[in-house]
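Please keep the sequence and the model at hand while reading.

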Amino acid sequence: MKTAKIILINIFLLSSFFIRAQEIELNKDDFRSKDAYKSAKDAIKEGESYYELGIGGYRRALEYYLQAYKFNNNVPMLNYKIGECYLNTISKVKCIDYYTKAYELDPNIMEDILYKIGRGYHLKGEFDKAIEHYKKYKNKLSPAALQDHKKDIEKKIEECENGKKLVQKPVRVFIDNLGPNVNSSYRDYSPLISADESMMIFTSRRENTTGGGRDTRDNLFMEDIYVSYKNNMGKWIPAENMGKPLNGSGNDATVGLSPDGQQLFIFNGESGQGDILVSELEGSEWSKPDDDALKKYINTEYHESSASFSFDGRTMYFVSNKPEDNLGDHDIFVSSWDEEKERWGEPSNLSNAINTEYDERGVFMHPDGRTIYFSSKGHSSMGGFDIFKSELQDDGNWGEPENLGWPINTPDDDVFFVMAASGKHGYYASAKEDGEGSYDIYMITFRGPEKPVIQSNEDKLLASTEPVSEVVMEESVEIKTMRLTILKGTVKDALSLNPIEATIEIVDNEKNEVISVMKSNSSTGKYLISLPSGKNYGIAVKAEDYLFHSENFNIPEATNYQEITKDILLNKMAVGSKIVLKNIFFDYAKATLRSESFAELDRLVDLLSKYPSTRIEISGHTDNRGSLKLNTSLSENRAKAVVDYLIGKGIAEDRLEYKGYAYFQPIDTNDTPEGRQNNRRVEFKVLSN
Amino acid sequence: MRKYFMIFIMLAVAPLTLLAQTEAETEEDAPVEDSTLVVMEDQEAEMAYNKGIENFQKKNYAEAIAAFTEAIGFDANFAKAFFNRGAVKMELHKYKDAIEDFDKAIELDDSLAAAYYNRGRAKHTINDNAGALADYALAVEKGHKDAKVYYYTGVIRFQDADYQGAVEAFDESIKLDPKFAFAYNDRGSAKRKLEKYDDAVLDYKMALNVDPKFEIAYNNLGSVLRKLEKYDDAIDAYTQAIKLKPDYYMAYNNRGSARCDAKDYEGAVKDFEKALMIKSDYVYAMNNLGTAKMKMKKYDEAIRHFEKAINMDSSYGIAYLNRGISKEELRDFSGACKDWAKAKELGVKIADTYLQECNN
């Protein structure tokens with residue numbers, strides 16, 4: 001069975017070339033007693049049987065090898081193989097001592113021994129020593145072997161050089177284990193986070209896995225998908241197995257989550273070399289994962305692994321090693337949602353600025369719509385996969401990828417990174433000494449550049465007068481925050497307060513263009529929308545038999561990250577029901593409709609076309625500044641302008657009434673600019689059905 | 001704001017001009033000598049005037065004023081008596097009264113160049129820089145062309161942030177008195193403000209050439225060397241200043257900062273502590289001690305120092321800003337944000353930038 005484990009094995013596996021090690025030979029005379037020799041021999045025999053299984057057997061092989069080691073620690077091949085086992089477990093750097101001893105005992109123990117010592121130092125972050133061993137190894141190779149390994153050795157040396165530079169300038173982060181409510185003593189990894197960090201879905205190989213099975217290759221429990229939610233105190237509550245249909249008896253692994261947490265990409269290793277499936281949250285239930293919308297273009301006979309949605313759900317980024325349009329190994333591809341055919345369209349290679357001849361994995365598109373995070377063995381990696389980010393430039397090209405830096409990236413593989421919408425927190429899995437066990441999920445808090453401290457000094461600049469003080473400050477820093485607004489809340493019936501599954505349309509008012517359409521959750525009414533700064537957004541919330549609700553968010557380019565909670569109540573199409581049309585804009589102090597209003601007006605036309613017997617009143621309202629006469633005529637003329645537009649679009653004149661109420665029906669205070677803004681409005685009221 | 005101590009050294013630099021006794025008036029500051037040497041039958045006014053000068057020389061200022069007043073009583077048009085009474089009043093820090101006397105002296109004799117200079121000094125002392133500058137110009141116009149009048153012209157221009165103008169005035173002052181150490185020092189400071197640091201170094205060194213015991217110039221030399229990122233040289237210069245003036249807390253504080261620049265945080269801590277031993281309420285050293293501890297990653301200790309600095313001066317926004325940064329290091333984000341908000345309220349502009357992070 002090909003399973004999601006393929007990703008993990010591929011990713012956690014060290015990139016190296018394998019030279020088959022010989023069997024460990026013991027010499028009876030080297031042991032202090034017959035019993036010692038026998039015990040060592042038995043342990044070696046057991047160890048060798050696991051070692052033969054390859055990477056999956058190394059952990060068990062190590063246990064036996066270490067037993068034998070107690071009886072005689074001077075067996076060169078035993079030292080070498082213990083080094084091999086460590087190099088392929090979490091405690092990788094422990095390999096150094098054993099490889100080194102093997103080399104001391106027999107410099108010709110294996111052709112790659114110097115390379116392996118180099119790997120150990122490389123992983124430990126002792127880059128100079130690593131380079132020294134890589135170079136020694138290179139110098140010892142025969143011309144033919146050099147031909148085969150030159151590129152790899154040079155790449156490793158380059159990684160060490162990158163590492164030296166990156167370690168010199170550590171990024172300022174706090175890295176925190178998410179604790180026992182999320183992490184277990186087993187492997188926990190591939191965290192996915194909702195944009196507002198209220199929900200985390202991740203993969204775990206803990207003991208209560210669905211079906212209780214273990215993967216035969218490493219004897220670890222099968223992967224299952226788990227979820228945890230943040231409580232009101234900001235703490236993660238104990239993670240729960242998400243159960244069927246997401247989890248089956250095989251390996252089920254998380255891959256990507258839409259920013260609103262309503263759609264989940266998961267990995268299925270049972271078809272092709274591995275495909276991506278989608279599940280949707282319908283009310284409180286996740287749908288059975290399928291690849292109906294991905295079959296045509298996304299999933300191939302090759303290995304499709306990671307995937308991520310764009311903020312509007314209309315673009316997906318995914319990883320594949322399919323040969324077409326590929327720069328080497330796995331690359332990141334991009335595909336757009338085909339509205340008409342209801343499937344993901346033909347993908348293209350994301351960019352040669354991002355993909356390299358090496359491996360790219362673990363793609364994550366930030367909800368700001370302009371920052372992509374991914375892991376790569378190319379670019380300026382300091383070893384294995386490093387996490388990079390790239391920003392979409394104004395000209396539509398991707399900027400040069402930037403290494404997220406040390407200590408986020410290490411000489412080992414760093415993958416499965418996701419970033420909260422705020423840009424303040426990132427999440428990833430890492431194997432650290434202080435963890436709950438093997439791979440754990442960690443939260444990275446990004447602290448931005450170091451904040452300079454300020455000193456105060458004074459001098460007597462003028463000898464004849466009092467001292468002059470001078471503030472001495474280190475270089476100033478630029479604080480970058482995400483330019484993004486997260487709008488979230490619930491949609492409910494205004495009377496019963498029951499949650500409603502409503503369609504939420506996000507419109508670019510200036511272009512009069514629907515940017516995306518999403519749904520609120522039917523069982524909770526919850527919704528979450530990501531609005532990158534720089535647009536005038538119209539939000540229309542629609543549901544069958546309800547009047548639509550409109551909101552306007554004009555978010556200038558320079559607006560920093562913010563979260564807005566807006567609970568929306570929808571009114572039924574009943575006589576007397578009314579709505580404020582928030583996306584109708586007039587020229588200042590005039591009754592001339594601006595073009596940004598057309599999307600909202602067209603929604604009104606649709607509604608009236610759908611309910612042909614409904615009669616409505618359009619009313620204009622002002623704030624209390626200015627004379628009553630002026631406000632009366634302005635409010636009336638504005639209402640009339642709306643009615644005229646509707647008539648122009650074919651709505652019968654006798655279904656429409658208009659009235660100007662001036663400032664007599666305020667819905668907010670007139671004492672603040674915001675209040676007055678709310679009072680200046682156009683309303684729609686149902687007169688008869 | 002904290003009060004700066006004031007070193008009143010006007011006398012050391014430029015003794016107030018007091019017109020000499022009538023018989024011996026030969027100084028160029030006393031252009032009135034010929035006209036006042038008129039021998040009158042009744043010389044009571046002159047006698048009182050001379051008595052005033054005697055008393056002034058003995059530092060019997062009250063008696064000197066009484067004598068000059070007596071002289072004026074005998075001769076209401078006695079310009080020099082008004083002038084000298086004004087000069088004595090300046091000694092007693094009665095600047096406004098002194099200005100009235102100089103006004104009267106000038107009214108009686110508008111060629112009395114020294115009166116313009118002295119009135120300029122009085123106005124300068126009470127921070128009427130424009131008035132002082134006008135008087136210094138008039139003094140020069142009337143013939144009082146000495147190094148001091150140009151020097152003080154330079155000082156006012158410096159205080160008014162006209163650094164180029166200040167340099168020009170100090171140039172004139174130095175031309176008239178090439179041994180005028182203060183003028184070299186202050187010209188160095190004006191050049192420092194013009195960011196001509198290498199030129200400033202030369203001027204401070206000239207000042208020290210003229211007066212090797214001029215600790216102020218050593219301190220300033222150290223500070224400009226810091227700007228040139230010559231931290232070791234800066235430390236040496238501050239050390240010289242401290243040798244000349246062992247209680248020079250300002251130089252200890254500055255040397256501490258130079259040591260921070262040179263990443264010698266242990267040394268910096270010692271200097272800031274020494275500055276605080278000399279002047280226990282020296283808020284700058286307390287703040288800087290906190291910053292050195294931060295560099296040593298001793299954030300708890302740093303916070304305690306910033307707290308002490310805030311207790312010394314609750315309007316000292318920088319200590320709030322720094323305490324906020326320390327708190328952030330200790331992951332007390334809400335505490336950090338509160339401190340940055342307070343720093344912003346107290347006018348520390350960069351706090352606003354940090355506060356952006358608090359919104360996330």
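## Domains of chain A

Domain bounds here come from an automatic or database domain assignment. The model itself is predicted. For chain A the assignment gives domain 1 (5-168), domain 2 (189-431), domain 3 (480-572) and domain 4 (574-689).

Between domain 2 of chain A and domain 3 of chain A, the C-alpha centres are 25 Å apart. The contact between these two domains involves 22 residues of domain 2 and 18 residues of domain 3. On the side of domain 2 of chain A that touches domain 3, there are 6 nonpolar, 9 polar and 7 charged residues.

## A four-stranded sheet

Chain A has an open sheet of 4 strands, ordered β26-β25-β28-β29, with antiparallel pairing. Its edges are formed by β26 (513-519) and β29 (549-555) of chain A, each of which pairs on one side only. On average, neighbouring strands of the sheet are turned by 20° against each other, direction ignored.

Strand β25 (residues 503-508) of chain A pairs with β26(A) in the antiparallel sense, over 6 bridges. One bridge joins A:D508 to its partner A:E513 in β26(A).

## Nonpolar cores

The largest nonpolar core contains 116 residues, and B:F68, B:A71, B:Y151, B:A285 and B:L321 have the most contacts inside it. Helix α9 (residues 147-159) of chain B supplies the largest share of this core, with 8 residues. Beyond its neighbours within four places in sequence, B:F68 is in contact with B:Y49, B:G52, B:A81, B:N84, B:R85 and B:V88.

A second, separate core has 99 residues, including A:I387, A:L404, A:I506 and A:L528.

Conventions
Residues are numbered from 1 along each chain as its sequence is written. Chains are lettered from A and ligands numbered from 1 in the order in which they are written. This is a predicted model: local features need pLDDT of at least 70, side-chain atom pairs count only at pLDDT 80 or more; totals for chains, interfaces and linings use all residues. Two strands pair if DSSP finds at least two bridges between them. Helices (H or I, at least four residues) and strands (E, at least two) are DSSP runs, numbered from the N terminus. Axes are lines fitted to C-alpha atoms, for helices over the stretch in contact, and angles run from 0 to 180 degrees between N-to-C directions. Two residues are in contact if their C-beta atoms, placed from the backbone, lie within 7 Å. Ala, Val, Leu, Ile, Met, Phe, Trp, Tyr, Cys and Pro count as nonpolar, Asp, Glu, Lys and Arg as charged, and the others, Gly among them, as polar. A nonpolar core is a set of buried Ala, Val, Leu, Ile, Met, Phe, Trp, Tyr and Cys residues joined through C-beta atoms within 7 Å. A residue is buried if 20 or more other C-beta atoms lie within 10 Å of its own, exposed if 12 or fewer, and partly exposed in between; C-beta atoms are placed from the backbone.
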